[in-house]
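Subject: Structure handover

Hello,

Here is the structure for you to look over. My notes on what was found follow below it.

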Amino acid sequence: MIGILTGLLSGFLWGVNNLLISLGYTHIPFASMNREDSLLWFFGIPLACVALTDSAAAISLLLLNIGRGLFSRIRKSFCTRAGVIICFAALLGGPIGQSSYVMGIALAGPASALLLSSLYPIVGCLLASFWLKQPITKRMWIGICLSVVGGILVGYSPGQSLSDTFYMGVIFSLLAALCWGSESVVAVYGMQHILPDIAITIRECVSAITLWVAILPFVRGYTAIPSVCSEKEALLFFLFAGIAAGISYLLWYRANNTIGCAKGMATNITYIIWGCLLTYIWGDSSEITVSMLIGCTCVIIGVLLVTVNPSELILSLIHISEPTRRVVI
């Protein structure tokens, strides 16, 4: 039960992260940037924001674990086999996965990128079943597929015109789903010999450093940093988004390690529901469509199917409702 609650809380915080990033994006001084520089506009600015949030997540997790006296264990873990595996998971989920997602948004549009990248739980469950030998029942598969369908309905946008780069964006969005699904399985494999708290700290540090060193220079991301940091509101939103993301990833890694990848990803995908709700309350979007309501309902039912065994739940309810019998001697 604790593992399920941990996964649900990770989904909530990821929804908070998405809201804060969208709010921060609205405060970026786009007018001061060159609109004719397509590389900067479509890739440099979004990935610069990702680098800022990942850096905030890495620093917050480092400070947390330094306060807990785990810094020496983190440093030593980099040189172990488990640490190398976690670094590989970090590259999959962070620079490769996130960059692919951003490119999917730029080339195919936000709605299509969200729809296709939300397939990551199916990828993760397939890999967990074959590689980690984690049992996934038919009921759980139905729940996972239902959650994915719910995510697709939430992001469904009818009447979208296809651009010349649409199919290339589809490829990058599917690559993001592949990377994110693979990351959870590789990370769980590495956490057999390393604590989740240490693993996620390594993950965020490697992701942030790789983005700054190997990604931003090639997409003119450094050009966007001064403009983003010049706006206090934008910078604060991205920093708090990073802290929320760091805690969310910490809880997600703990949930995957405790209850398995299937249940961990099923509970984490509830960020779709929280994202819609939080955006409706604090964001710019004031409309909740029928497809969004149906999609959120599908996600809820899917999560319940994955995490709760109906027969066990009914038996427990019957047991609770039975009157206590006193034995009179």
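Glu 183 counts as buried, at 1% relative accessibility. Buried means under 20% relative accessible area, exposed over 50%, and partly exposed in between (1.4 Å probe, protein chains only). Its partner in a salt bridge is Arg 203, with the closest N and O atoms 2.8 Å apart. A salt bridge here is a side-chain nitrogen of Lys or Arg within 4 Å of a carboxyl oxygen of Asp or Glu. Arg 203 is also buried, at 1% relative accessibility. The pair links distant parts of the chain: Arg 203 sits in helix 9 and Glu 183 in helix 8 (residues 166–190), 20 residues apart. Helices (H or I, at least four residues) and strands (E, at least two) are DSSP runs, numbered from the N terminus.

Before going on, two notes on the source. This is a predicted model, in which local features need pLDDT of at least 70 and side-chain atom pairs count only at pLDDT 80 or more, while totals for chains, interfaces and linings use all residues. Residues are numbered from 1 along each chain as its sequence is written, and side-chain values use heavy atoms, with hydrogens and water left out.

**Salt bridges**

The count comes to four salt bridges. Which residues are linked in a network? They are Arg 68, Asp 197 and Arg 254.

- Asp 197 pairs with Arg 68, the closest N and O atoms being 2.6 Å apart. Asp 197 is in helix 9 (residues 196–215), and Arg 68 is in the loop between helix 2 (38–67) and helix 3 (71–77), 129 residues apart.
- Arg 254 pairs with Asp 197, the closest N and O atoms being 2.5 Å apart. Arg 254 belongs to helix 11 (residues 232–259), and 57 residues separate the two.

Asp 197 is buried, with a relative accessible area of 7%. Arg 68 is partly exposed at 44%. Arg 254 is partly exposed too, at 32%.

**Nonpolar cores**

The largest nonpolar core has 52 residues. Such a core is a set of buried Ala, Val, Leu, Ile, Met, Phe, Trp, Tyr and Cys residues joined through side-chain atoms within 4.5 Å. Among the residues with the most contacts inside it are Ile 86, Tyr 120, Met 191 and Tyr 253. A second, separate core of 23 residues includes Phe 30, Leu 40, Val 50 and Ile 225.

Leu 236, Leu 239, Phe 240, Ile 243 and Ile 247 form a nonpolar patch on the surface, with about 410 Å² of accessible area together. Patches take residues with over 30% relative accessible area and no salt bridge; like charges are joined within 9 Å, nonpolar side chains (Val, Leu, Ile, Met, Phe, Trp, Tyr) within 5 Å. Areas come from the Shrake-Rupley method with a 1.4 Å probe; for residues, only the protein chains shown count as cover. Leu 239 lies in helix 11 and is partly exposed at 34% relative accessibility.

The buried residues of helix 13 are Tyr 271, Ile 272, Ile 273, Gly 275, Cys 276 and Leu 278.

**Overall**

The protein has 15 helices and zero strands. Of its 329 residues, 52% count as buried.

Best wishes
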